[in-house]
Every structure is written in C-alpha cells, then in structure tokens.
Amino acid sequence: MKKSSLVIFTMLIVALILAACSSEPEQVEVTVEVTRIVEVPAEAEAAPMPAGEILQAVRDRGRLVCGARTDLAGFGYLAEDGTNAGFDIDFCRAVAAAVLGDSDAVEFVPLTAAERGPALQTGEIDVLSRNVTWTSSRDAQWGNFTNVMFYDGQGFMVPVALGISTLEELDGATVCVTSGTTTELNLSDAFRQRGMEFTPVVFEDTGTVYGTYESGGCDATTSDKSQLAAIRSGFANPDDHMILDITISEEPLTPATPSGDDQWFDIVKMVTYALINAEALGVNSGNVAEMVNSDDIAIRRLLGTEGEFGQADLGLDADFVVDVLTAVGNYGEIYDRYMGPDGVSFTLPRAQNNLWNNGGLIYAPPMK
Amino acid sequence: MKEPESNSSIFSYQGVPIWRDDRVLKGVAQVISALIVLGFLYFFISNVLVAADARGLSLGFDFLDEAAGFPLGESVIIDYDPSMSFLQAFAVGLLNTLKVSLIGIVLATFLGILVGVARLSTNWLIRNIANVYVEMFRNIPLLVTLFFIYFGVFQQLPSVQESFAIGRYIFLNQRGIYMAWFSSTSSTLAWTVILAIAIVLAMIVFVILGRYQISKGKETHPFLWALGISVILPLAGWFILPDKPLLVTLPVLARFNFEGGTVLTTQFTALLLGLVLYTAAFIAEIVRAGIQAVSKGQVEAARAIGLRPMQALRLVIFPQSLRVIIPPLISQYLNLTKNSSLAIAIGYPDLFSVGKITINQAGRAVPVFIMIMATYLLISLTYSVILNLYNRRITFEER
C-alpha cells in the first residue's frame, strides 16, 4: 500500500510538471500580444539599436554556431592539427570576428547535404556556410541566402582511360552522385533532356560517393566543379581522372541564415560585402593596421576610422572590418589560401570568381 | 458515484477508507498514467505546431503530387523515372524495403536454422565453425559489417570490363551480379496461371494423400505425386501454348554496363548479405535454445523407436521446439526489417533513404518523417500480426 501510494504521488508530480510545460506555448502567445500593445514605445526609447534575437543569442553564448562540413578539401575540411579550415570555414570565422571580435569563437556543426536544410529551418545553426547552392525553392523554404561567395557549375569527372570528352558520350553510364543535392536533380534533368539513359548510384555520404567512383563502381561522378577538383586532388592517382569541359548548371554557392531575423541576415550580408570591398580597395590582413590611417576616404570608411556605413544600425562595432581582415583577410586572400596558385588544397583559377573589375562576377554593393 | 457506494456497502464494517481501497487506487493510477501519456502527446504535438507556425514551415502533404526530379538507383514493380511524383518515389522506396526484407527474412531463416542445428552438432569442426560465425556476426555492429561487405568485398571485385564470368550466363563485377533472366512473351500470362493452378493442385493432392496414408497405413507417395503434378502440368502448358512463354535473355556487355538479363546491384546484394548474415546469427541462437529446450527424454524416446538422428530432429524435436522459437523469431524478423533502413549508408534506395532525399528536395521534414515512421510501423505490425497468427496455431496444436 505504501509503495503504491508513493508511486502515485511521484506520478502526480510528473503530471503537474507536464501540465505546466504543455501550457507554456499558450502563455508565450499571451505575453507577446501584451508587449506588442503596451511596450512598443517604451522599448524603442530604451534601446535605440534593438539587437535581433540571433545576434543577442550569439553574444550571450559567446560563440557562433556554424553549419559546415569537414570532408571537402578547399571548402571545409580538417587541417592536420585538427582545426577546421577551408573557404567556407573562413567565412564563418569572419562572421565570428565581426560580431564577437574573435574568429575562433565558432562552433562548427558538421552537416551532410541532406541535413543542412532542416538545420537551417529549425534555427539549430546561426549561419550555413557549407557550399550550398542558392536556389529559389531553397530561398523560399530554408532561410535567407546572403550574397554569392563562389560561382560554381556542375561538371563531370571520368577516368582518363574512358577517352570521353562530351556529355553525349556518357549515354548508358553509371553515375555516382550525392543525394539531397541540386546536383542530383541537374543530373537527371540533363540526361532526360537529351533522351539519354544512365544508372544512378546515390549515396548520402560524399565519402562513399567518391570512394565508389575511385574504386570503379561508377563510370563517372558529378558535382560542382570546384568540389570535383578538390576530390580529385585527394585521389591516389589524380592524373588518372579528368574533369570534363562541360558545365550543366549554375551553382551560386552562398552562405545562408535562418528566416525571420532581418538584422542577422543584414549582418551576415555585410560581412560578405566587407570581404569583397576590402579586396577591391586593396586592404588585406597584412596592411590593415596601416590602412586604418590611409588617406583614401573609402578605406577610412570601410575600416571605421571615419564615417559610417550602417555598422551601428546593425549593432556592430564601428571597426568590425578591422577584426575581420586581421583574422581571415579579404576575399582574395581566403580564396588564394586554399585554391590559389600556392593554395594548400588545390589550384583552381579564379575565373568567374574574380572581382567584377578583373573580369569576374564577384561584386558587392558599395559600403556607404 | 456508483463506485464508492458499492464500496462502502461491502466494506463498511471493515472500515477500509477510500484512499486505501486497492480498486480505487488502481483506478486512480490508471487515470493518472493516461493523463501523463496524453500530456506528453499534447506537449509534443503542440510544440511541433507552434514551432512550425513560428518558422513558417508547412505541415501539409500537398507536395506529394509534385514531380520528384531525383533519380533512384533501382525499383521493383514501378518503373520509376524522375518525372514521377514524390509519392511514387516513396512507393518505390517502400517496395525496395519490402523486397530486401522479405528475401532477407527467408534467407536468414534458412541460414539461421542451419547454423543453429550445426551449433549442436556432434562433429567438432562443424560445431566450432558455427560457434565462430555466431560470435563474430553477433558482436560486430551491422553498419560496420555493411561497410565492410560493400567496400571490402564488392568494391574489390573486378571492373565491369573484366567481369568474372560463369559461362555466358552470370557475370560478377563491382556493380553487381548480372544474370541471364527471362523475358516475357504473349503466352507468359497464360503459362503463369497454369503454373499457379499446378502448384495449388499439387498442394491439395499432397495433403489428401498424406491424410490417406496416415489413416489407412498404406504407402501413397504424396510427395512424388505432388512433384509430378507441379512439373507435368507446366511442361504440358509450355508445349501447348502458341509462343514459348519465357525467353532467356543473356547479359551482354555494352559500352559501359551489361544490358539484358537482370542484375542484383552491389548495393542490394551487400545490404541483403549484411542483413542475412547478421540476423541469421541471432536466429541460430534462438534455434539452438529452442532445440535445447525440448526435454532430453524426447530425444532418447525418438532414438529408442529407431529414428535416425535427422529423422528425430525433423519429426520429434523441431516441431516441439517451434513453440519456443517462434516468438523471439518474430522480433528478429522485425529487427531485420527495421535494420534495412541502414541501406542509406550504402546507397540502396529503401524507404528511409528515399524519405531522406524527399525531405531535402521538398524541404518538408515533419510530414515526411511522419510518413516514414507510420510506414515502418505498418510494415512491422503487419508482419507481427501474420506471424502471431501462425504462432497461435502452433502453440494450440502442441497442447
């Protein structure tokens, strides 16, 4: 008897706690309405620069949560000392330097291609920088896409021994591809459009995709050309494989932020502008300390020495660009670090990823 | 109101108060546990709804009619192409799961029984081979086994151009097993009907003759009769029908792959092999335990009336051990079915992997996960209902 009444008592407590929890959403709704009606003027007075939810959360937490990858040379990989490195990774570090003043205050969440959409939708990550192609449906469903950081296109890699140079010659081939990607959709579109047959071999894990291709399980593999170049560089015999001179799609790789926080969206966009404008103005990690005292008014504005381009409106420090450039350098430096002539990962000509005034497509609005 | 009244009339002179009445307490406990369960459900569901609303996520199922767009490696029954809808792609995944799990269950059962019996063999070598097999596969995670089979075995096979060939009929390479297979003609349907009738007829004859043999004590050869019927009728059909009902097509190496015949892809074969080897190790243990649960007197009695060891096993021990074997066997079948979702690791387009792709391409996590979970639940419940019916029959007969 005593035992059972004790059990019942515990159950009652649990039930009460649950009841309290389950009624929470309703309570939240009520308070929100009250604040909306009563406190709007007061709030505006008290805080002239209202910090958005994400910025506040990042600052309270003391670190940025960045959706990234750890398995793609050049873009997101683990360096020999075990730290995260790569083009996409450095962008997250730039955002962390901008909002926290510390480029190491980043928590990298490794995501597969299939996991990245939900991770952004649920707000589990603050920034998604994991070579994501910006598409209209992803923009509508996943979150906000900021500014194209890398213009890519989908290509094909085949063994040199096959002696192939056009897409048409791949009719009937077995093609390895990563699931949950635009690549997968483009592949089937490209073959269907030309009335060609292929056997898809689809994996969620890119390691398995390229492992199967390298061992001969597929005749060809397809992905963004930059990714193919990265993968090829890691093969045992890179010279046995070639990337076909075909591009079947446009893949603008773009960092994205969760929906519903305009301020955070603007902050991340502004970091992309800063990186690009810094390269255009010739400011880099080496000379940023001197450039603070430059005579060029555009440079002085960019580095926060004089004037203002909206930093304060977004809750950022006047000289946040100095922190960003000191930590990771400008756009060109980040590119060259991994993919330039002396890049640690592989060499990929800038081509369309050059600045607009150098014949490329990389462009950012002026910082004014 | 009624409850306390009758309560007081019966127990009034004993003076058991309501809060110590066992029936009342049990009733209250039931109500509270129901409330807790409902509270949990309410909490989770409202949480999903509120969160989805706040983030502007759609929870509807309308997207299922849209074109899927993504390619899938293989499909059965449905001839899938990327212009089909998400729902059809999901159906392809479901059929692929059913295919691998049903074939897997049959093979794992045979292998499991074989190994389970071998574990009890009097032959030292056979017994220990079975021991090593069981201990090895039971103690290595299935995912690891799958990766090993996929990368360590199948990817190491010769390339398509240098396939390992058995005559002109079977080719083994990295991409799968290409086999000669049948292609249908105008007479195929008619012949399939004849075949089905022949098999049913053979089963009926087998049962009737079997009963006759037992009741009259005369040798009637039921097995031979059944075999004869199931061979002669289809053979007759083969020659009477206008076209040959089945033509054999041989796999021929085209530019990239073999064409013609049929193929068991590496992905399918690796998954099937992994599931069978893993589950059979558990089934072997269940079979061993089942056999050892039959009392020793039964074995001795069977031997005493002159049955040979295999006869004793088949006629006396195994039927009795089924009572012990079937219930845990059902849960192994369900395990195999659920474990088939590991297909995602090695690229077999099963229910879960198609579901994951759909989540990504359609951007609808919650509805698709609900579909995936509901479908697995449905498959598992169907399997267990069927097997439980069988189990009930077996236990009943034994009593």
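## Two chains up close

Let's start with one residue: Gln227(A) sits in helix H10 (residues 225-234) of chain A. Helices here are DSSP runs of H or I with at least four residues, strands are runs of E with at least two, and both are numbered from the N terminus. This is a predicted model, where local features need pLDDT of at least 70, side-chain atom pairs count only at pLDDT 80 or more, and totals for chains, interfaces and linings use all residues. Residues are numbered from 1 along each chain as its sequence is written, while chains are lettered from A and ligands numbered from 1 in the order in which they are written.

**Around Gln227(A)**
- Gln227(A) has 27 other C-beta atoms within 10 Å, so it is buried (that takes 20 or more such atoms within 10 Å, with C-beta atoms placed from the backbone; 12 or fewer is exposed, and in between is partly exposed).
- Setting aside neighbours within four places in sequence, Gln227(A) is in contact with Leu72(A) and Asn131(A) (contact means C-beta atoms, placed from the backbone, within 7 Å).
- Gln154(A) is 73 residues from Gln227(A) in sequence, yet their C-alpha atoms are 9.2 Å apart in space.

**Where the chains meet**
- On the chain A side 44 residues are in contact with 45 residues of chain B.
- H1(A) is the top contributor on chain A's side, giving ten residues.
- By class, that side of chain A has 20 nonpolar, 20 polar and four charged residues (nonpolar: Ala, Val, Leu, Ile, Met, Phe, Trp, Tyr, Cys and Pro; charged: Asp, Glu, Lys and Arg; polar: the others, Gly among them).

- H6(A) packs against helix H12 (residues 351-362) of chain B at an angle of about 50 degrees, with the axes 9 Å apart (axes are lines fitted to C-alpha atoms, for helices over the stretch in contact, and angles run from 0 to 180 degrees between N-to-C directions).
- That angle makes H6(A) oblique to H12(B) (under 35 degrees is roughly parallel, over 145 roughly antiparallel, 65 to 115 roughly perpendicular, and the rest oblique).
- Ala114(A), Gly117(A) and Pro118(A) of H6(A) make the contact with Lys356(B), Ile359(B) and Asn360(B) of H12(B).
- Those contact residues split into three nonpolar, two polar and one charged.

**Chain B as a whole**
- Chain B has 13 helices and eight strands.
- Its C-alpha trace spans about 90 × 70 × 50 Å along the principal axes.
- Of the 399 residues in chain B, 31% are buried.

Definitions and conventions: Two residues are in contact if their C-beta atoms, placed from the backbone, lie within 7 Å.
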